[in-house]
Structures are given as structure tokens and as C-alpha cells.
Amino acid sequence: MARTPSTMVALGTPAPPFELPDATGTKFRLSDIAAGRPALVMFICNHCPFVKHVRSELAAIGRDYGDSPKGNGRVGIIAVMSNDIENYPDDRPELMAKEANEAGYTFPYVHDATQAVAKAYHAACTPDFFLYDKDGKLAYRGQLDNSRPGNGVPVTGKDLRAAIDAVIAGKSPGADQKPSIGCNIKWMAGNAPTG
């Protein structure tokens, strides 16, 4: 299992805008997801063992902070799947819909077919997390928590949850952020970012 760290984009970087469809073809714009509140953009996929390891916690974060009765819409949340579906057919959109349903995702799970959004965000792995404050500036990029498949550490989401709580309170999560680790984004031939 390859372990790729996130690129740790500079804090304060503006959120790149995008509009992407889910498996039904419904399009979602980041500006509508954010809507003047903090926003969490997660790069995930169906088949990655790192994502499978944390999928129940991703669903819990969606329920606890997103557009659900419990979350009260405090954070706009969207998940993006950018992998090459020709070579990784387990990540096809119709299977994304099945995965979202089985995992209990309450946030949109959209398909970045051209990989342009992954490139714009400098996403490197699945899962890769980008948390923006209400002004659309990057406040946190890094790991969910210290748990990895096989390391015996329980999945709690503590790092990301602490960052979300800070941003909701109008505070900075702090600059001591650890990179996420996961499978690399599965780039299409000739599409991998350089440099």
C-alpha cells in the first residue's frame, strides 16, 4: 500500500472555485456549498484502503457539522473523487452513489472527471482535507487523525474536528498541522502534476 502525503498548500490560500456533478448529474458549486460559512473539501474515493479505514468518521463529521439537523449547517462539506476511472473502475460514478449511500454520507460526493479540481487544489492523496474559513481562505490542510490502516490507533477525527471547531469559533487552527497520508490520486496518463 503506497503512502503519499498531502502537499500542505500554504495557509491563507483562497479556495479554487469549481462546479462538479454527482453520480446523478446534479451539479454542485463550491460557492453554494460554502455560502458564507466555513467549507471542507475532501478528496476521497471508493477503493482506497485509507479512505475505507475512515469512512464512518467522514460520515460522522458530515452529520456533526454539515447540512443535517445535528450539524445545523455550520460547515459546508463536499467530497471530490478525482481518480482515473478507466484504470480504477471501482471509483466509477455509479459506484460512488452506492458508496455514499452505504457509508452514510450526508454531503455531496462529486466526480472530477478531468482532474482539474484535484490539480487546482494540489490534492495528492486520498483522503486529503482542505478546510476554509468563512472568507474562503485555507485554514487547515492535513490529517484526520493519527490512525492509519493497521496501526491500531482508533479513528477519532480529532485533528480535523479540532480545526473545524476552531474555524467555526472564528479562530485559527494553528500552523502545526500534520500531512494526511493515503493512496496517491490516480492520475490519467499524461495528467499528473509536475513540480
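Which helix gives the most to the lining of the largest cavity? The structure examined here is a predicted model, in which local features need pLDDT of at least 70 and side-chain atom pairs count only at pLDDT 80 or more, while totals for chains, interfaces and linings use all residues. Residues are numbered from 1 along each chain as its sequence is written, and side-chain values use heavy atoms, with hydrogens and water left out.

One cavity of 30 Å³ or more is present, a cavity being a set of points, on a 1 Å grid over the protein atoms alone, where a 1.4 Å probe fits but cannot get out. The largest cavity has a volume of about 90 Å³, taken as the space filled by probe spheres set on the points, which are joined across faces, edges and corners. Its lining (residues with an atom within 4 Å of a point) comprises 13 residues, of which V54, P127, S147, R148 and I181 lie nearest the centre. Helix α2, residues 49-65, gives the most to this lining, with three residues; helices are DSSP runs (H or I) of at least four residues, numbered from the N terminus.

The largest nonpolar core contains 32 residues, and L40, M42, L58 and Y105 have the most contacts inside it. Such a core is a set of buried Ala, Val, Leu, Ile, Met, Phe, Trp, Tyr and Cys residues joined through side-chain atoms within 4.5 Å, where buried means under 20% relative accessible area with a 1.4 Å probe, protein chains only. The largest share of this core, seven residues, comes from α2. Apart from this core lies another, of 21 residues, including F18, V80, Y121 and Y132.

How values were computed. 1 Å grid on protein atoms, 1.4 Å probe; cavity = no way out; pocket = protein on both sides within 12 Å on 5 of 7 lines; lining within 4 Å. Helix = DSSP H or I, 4+ residues; strand = E, 2+ residues; numbered from the N terminus. Buried < 20%, exposed > 50% of the residue type's maximum accessible area, 1.4 Å probe, protein only.
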